[in-house]
Amino acid sequence: MILTNIDSMPGQRIVQHFGLVQGSTIRAKHFGRDFAAGLKNIVGGELKGYTELLQESRAEATSRMVAQARDLGANPVINVRFTTSSVAQGASEILAYGTAVLVE
Amino acid sequence: MSIELLISIAIPVFLIVVGRVVGSSIERKHYASIEDREARFHGQPALSTKQSDPPGAVRSASLATGSVVLSVDHFKRFLSGFRMIFGGEVRSYSSLIERARREAVLRMKESQPDAHAYINTRLETSTISSTTGNEGIGTIEVLAYGTAVHYDRAKGR
């Protein structure tokens, strides 16, 4: 399924709007990664474990959103947005939302 | 007693020195890598506007994302502690944020390297907190996402 974060699908006409679709996931870091990150904190630089963790959870949120759009019979999801909020210490919620539409 | 005192001072000082030496070398390497890769994407701009440049000439569009989690070193964390007392601009963190943003935009571009432009690029920054409390200070995640577009015409417009 094609996703964009602009208001339209270029070159295609939107024939039907299905409204908002969303997918979210709340992830906690696991201890091993937190420990490695603690060491990395001394010298700075990228914390690869966290980067991967957040990418995985963003992919999960996106696939939930796409599943919802597919159930509605949409083909692309336009105007996709991502937000992150921390729910508790060490746990964060990743939300992906967008507008499910049908194009010709 | 005095040995205990010595150790309790020596360990933080050691961490700060290690952070200063290794941290600045990591930062230099990162800047070099960023500049090198940015040069490669010259002519494939990330735009914050929704309108693609030659209107109506877009062949395909799809979402591109890139993210990075970056942390400051102990030395800069230590410096920023002083800044928290006196107030003012925290310069030691500005290079962290700048590097993270540029890196995230580059990763967004690298996820779809053959696109002609990346329109409606958004940057989102969030802080990473640690389960144990204060340790996560100075760790941020930057997400860059936008719509990678291919124009019908050649790249030269």
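Let's start with the sheet: in this predicted model, four strands line up as E2(A)-E1(B)-E3(B)-E2(B), an open sheet with antiparallel pairing. So which strands stand at the edges? They are E2 of chain A and strand E2 (117-127) of chain B; each has a single partner strand, so one side of each is left without a neighbour in the sheet.

Now let's walk through the pairs. E2(A) joins strand E1 (residues 58-71) of chain B in the antiparallel sense, over two bridges. If you want a spot to look at on your screen, find A:Gly45, which stands opposite B:Ser71 in E1(B). Next along, E1(B) pairs with strand E3 (residues 139-151) of chain B, again antiparallel, and here there are 13 bridges.

What about the helices? H2(A) lies across E2 of chain A as well as E1 and E3 of chain B, and it runs at about 140° to E1(B). Helix H3 (residues 91-111) of chain B also packs on the sheet, where it touches E1, E2 and E3 of chain B, and its direction makes about 145° with that of E1(B).

Finally, let's look at the contact between the chains. How many residues does each chain bring? Chain A supplies 30 residues and chain B supplies 38 residues. On the side of chain A that touches chain B, the elements giving two or more residues are helix H1 (31-43), strand E2 (45-46), helix H2 (48-72) and strand E3 (77-88) of chain A. H1(A) gives the most, with six residues. Sorted by class, that side of chain A has twelve nonpolar, 13 polar and five charged residues.

How values were computed:
Residues are numbered from 1 along each chain as its sequence is written. Chains are lettered from A and ligands numbered from 1 in the order in which they are written. This is a predicted model: local features need pLDDT of at least 70, side-chain atom pairs count only at pLDDT 80 or more; totals for chains, interfaces and linings use all residues. Two residues are in contact if their C-beta atoms, placed from the backbone, lie within 7 Å. Ala, Val, Leu, Ile, Met, Phe, Trp, Tyr, Cys and Pro count as nonpolar, Asp, Glu, Lys and Arg as charged, and the others, Gly among them, as polar. Two strands pair if DSSP finds at least two bridges between them. Axes are lines fitted to C-alpha atoms, for helices over the stretch in contact, and angles run from 0 to 180 degrees between N-to-C directions.
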